Each structure stands twice: as C-alpha cells, then as structure tokens.
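Open the model in your viewer and show it as a cartoon. Keep the sequence panel in reach, then follow the stops below.

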Amino acid sequence: MGESMNIDEMKADTSDGSDTFDGGAGMDQHNGTDTEYAKTKYPIVLVHGLYGFDQMLGIDYWYRVVEALELGGATVYTIPVPKLNTTEVRGEHLLEGLRDLKAATGHNKFHLMGHSHGGPTVRYIITADPTLLASVTTIAGVNVYGSDTTEAFMDTLTSFFTGPLLQGM
C-alpha cells in the first residue's frame with residue numbers, strides 16, 4: 001500500500017479562516033445551541049470520489065460538511081485514497097487507513113461515507129473487514145453498473161491506448 005498515515009493527516013481540516021459556520025447559500029444555519037445533533041458513538045470517515053482533492057480554487061472538497069458535523073458533536077476524519085484507480089486499490093488504501101486510525105484512536109468501528117467513487121470504495125470494506133463498520137453511506141455513488149460518464153471516459157481512454165498510441169510505437 002504505502003506508508004502509514006499520521007492521525008493528524010486524517011483529521012479533517014476545517015480551517016477556512018472563519019470562526020463560525022454560516023450555513024452558506026440555501027442552507028439552514030446551525031445556531032450552535034444543539035451540540036449533539038450529529039454526535040455518534042463511532043467517528044465518521046469521509047471518502048472522496050474520483051479526482052478527490054483537499055482544496056481547489058479555495059473550495060474545500062467537503063465544503064463545510066465537516067465543520068457542520070463537528071459543530072453538531074461528530075468526530076470526523078478523512079482518509080485519502082488514490083484519486084484515479086480501481087475500487088479495489090482504493091478500498092485497500094482505505095482499509096489500511098482505517099486500521100491505522102483504529103490503532104491511533106482506539107475506535108474499533110467507523111461510519112463510512114463515500115461520495116461518488118467513494119461509494120464503491122467504502123462498500124469494499126463490507127467484504128474486506130466488516131468488523132470495522134458501524135455503517136456505510138454512499139452519496140451520489142456510482143453503483144452496480146457504473147455511470148455513463150465513467151463508461152465514456154473509459155471508452156475514450158481505451159481507444160486512445162489501443163489505437164493511436166500503440167500504432168505510433
């Protein structure tokens with residue numbers, strides 16, 4: 001896999017320069033009075049999708065989700081997985097990260113939430129090591145048959161590598 005991650009690298013970063021969560025456009029504001037609305041027995045681990053990033057153009061991948069959950073009492077981590085790889089490879093990286101997180105924090109189960117390709121990535125853990133799971137949630141995940149966008153991308157990539165690239169060699 002790779003080298004073990006430091007617990008500080010897994011802890012979600014909510015430092016966007018503001019001291020409060022204002023909810024953003026179209027969202028109800030959290031007034032800070034209910035500090036347990038998102039509290040869970042086990043921590044939440046967020047897993048990004050294809051081409052996941054920490055920040056792009058000043059926008060956080062999990063745009064204020066982490067901050068809102070933490071204000072509500074949740075403990076939230078992110079575990080980086082390869083941005084562009086198979087579900088199995090991403091799943092093995094996630095499994096290693098969960099085991100590292102378990103060793104570092106003492107938590108023995110996690111609520112996994114995967115966005116887009118993070119959905120199949122978190123579902124990988126169901127068969128790899130279900131003892132680590134408190135729950136699995138997928139958000140806009142590609143499910144059983146993938147997605148039209150992914151299929152088109154893979155068709156283009158495949159035709160490039162089996163067509164012009166190989167013919168030029």
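**Before you click**

This is a predicted model, in which local features need pLDDT of at least 70, side-chain atom pairs count only at pLDDT 80 or more, and totals for chains, interfaces and linings use all residues. Residues are numbered from 1 along each chain as its sequence is written, and side-chain values use heavy atoms, with hydrogens and water left out.

**Stop 1: the whole chain**

Colour by secondary structure. The chain has 6 helices and 6 strands. Here helices (H or I, at least four residues) and strands (E, at least two) are DSSP runs, numbered from the N terminus. Follow the sequence and you read α-β-β-β-α-β-α-β-α-β-α-α.

Of the 169 residues, 34% count as buried. Buried means under 20% relative accessible area, exposed over 50%, and partly exposed in between (1.4 Å probe, protein chains only).

**Stop 2: the open sheet**

Select β4, β1, β5 and β6. These 4 strands form an open sheet in the order β4-β1-β5-β6, with parallel pairing. The edges are β4 and β6 (133–139), each pairing on one side only. From one strand to the next, the twist averages 20°. Two strands pair if DSSP finds at least two bridges between them.

**Stop 3: strand β1**

Zoom in on β1, residues 44–47. Which strand does β1 meet through 3 bridges? That partner is β4, and the two run parallel. Isoleucine 44 has valine 76 of β4 as its bridge partner. Leucine 46 stands opposite threonine 78 in β4.

Turn to β5. It is joined to β1 by 4 bridges, again in parallel. Valine 47 has its bridge partner in β5, glycine 114.

Next, show the side chains of β1. Are they buried or exposed? Ile44 and Leu46 on one side, and Val45 and Val47 on the other, are all buried. Both faces of β1 are covered.

**Stop 4**

Select α3. This helix lies across β1, β4 and β5 (110–115), at about 145° to β5. Then select α4, residues 118–128. Helix α4 lies across β1, β5 and β6, at about 155° to β6. Axes are lines fitted to C-alpha atoms, for helices over the stretch in contact (heavy atoms within 4.5 Å), and angles run from 0 to 180 degrees between N-to-C directions.

**Stop 5: the salt bridge**

The structure holds 1 salt bridge: a side-chain nitrogen of Lys or Arg within 4 Å of a carboxyl oxygen of Asp or Glu. Select aspartate 129 and arginine 99; their closest N and O atoms are 3.3 Å apart. Aspartate 129 sits in the loop between α4 and β6, while arginine 99 is in helix α3, 30 residues apart. Aspartate 129 is buried, at 14% relative accessible area. Arginine 99 is partly exposed, at 42%.

**Stop 6: a surface patch**

Last, select Leu50, Tyr51 and Leu84. Together they make a nonpolar surface patch with about 280 Å² of accessible area. Patches are made of residues with over 30% relative accessible area and no salt bridge: like charges are joined within 9 Å, nonpolar side chains (Val, Leu, Ile, Met, Phe, Trp, Tyr) within 5 Å. Leucine 84 lies in the loop between β4 (76–78) and α3 (87–105). At 47% relative accessibility, leucine 84 is partly exposed.

Conventions
Accessible areas come from the Shrake-Rupley method with a 1.4 Å probe; for residues, only the protein chains shown count as cover.
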